[in-house]
Amino acid sequence: MSSVPVITLDGPSGSGKGTVSTRLASKLGWHYLDSGAIYRALAHAAGLAGVMESGAAAEIARGLQLAFRPAPDGGAAVLLDGADITDAIRTEECGALASRFAADPAVREALLQRQRDFRQAPGLVADGRDMGTVVFPDAEHKIYLTASAEVRAERRHKQLKQKGINDSIARLLEVIRERDARDEGRETSPLKPAADAIVLDTSDMSLEEVVESVQQKVGYSSLS
Ligand code: C5P
């Protein structure tokens, strides 16, 4: 087991974990793992290769040439074979395909060590679905963020709009429900809080309130 500290933030899409994780990582000066981006990059690579079937996706997952670079917004730019795919992987289609491939145990196994390699000093904030349950079961702080599907669809709508993507809230709600059902219902590493996770419902909270609350829960409330 590594002695490098890890804080895990798991939860469904739109729960706020991405933004909260990047803010927390930047305040602590720790590394940040956006594990969803790895599944999305795989979906993107598979799409480019014309692969839609998960057996072949595991092969692609093993050879994925992926790199992350710090982005000006505090998040990370995602490079596949040196090409910037940061924005390309944010579509709902890419998320849905990622979620299909993510249900395959061979895909998850192929991506496991790649995620664990992010655990480097001085610490790691890891964002995903199974960070606290499977990838970093020994993490010292585990947070599970959730929110109603309706609130998450609205948040997603706003987020996508800022990126110039205009999906209707009704359609996003449908996609979110479908993705939740697949992520929660799969046999391998289903989306669920770790037994020792703190669960926080963010439906009625602003982003600032969520960040503040998570900081308090992990004991870093003095950071500003
Ligand atoms: O978090 P994000 O929406 O980018 O993740 C895309 C998909 O990747 C999720 O719906 C989920 O199926 C999959 N995923 C996963 N395990 C993770 C992170 C993401 O299965 N740790």
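Modeller: A polar atom in the side chain of Arg-40 lies 2.8 Å from the backbone oxygen of Ile-89. This is a predicted model, in which local features need pLDDT of at least 70 and side-chain atom pairs count only at pLDDT 80 or more, while totals for chains, interfaces and linings use all residues. Residues are numbered from 1 along each chain as its sequence is written, and side-chain values use heavy atoms, with hydrogens and water left out.

Colleague: Which residues is Arg-40 in contact with, leaving aside its neighbours within four places in sequence?

Modeller: Among them are Ile-89, Cys-94, Arg-156 and Arg-179, where contact means heavy atoms within 4.5 Å.

Colleague: What is the distance from a polar side-chain atom of Arg-179 to an oxygen atom of the ligand?

Modeller: For Arg-179 that distance is 2.7 Å, and a polar contact is a pair of N or O atoms within 3.5 Å (within protein, one must be able to donate a hydrogen and the other to accept it, and residues adjacent in sequence count only if both atoms are side-chain atoms). In the side chain of Arg-129, an N or O atom is 2.8 Å from an oxygen atom of the ligand, whereas for Ser-35 a side-chain N or O atom is 3.0 Å from a nitrogen atom of the ligand.
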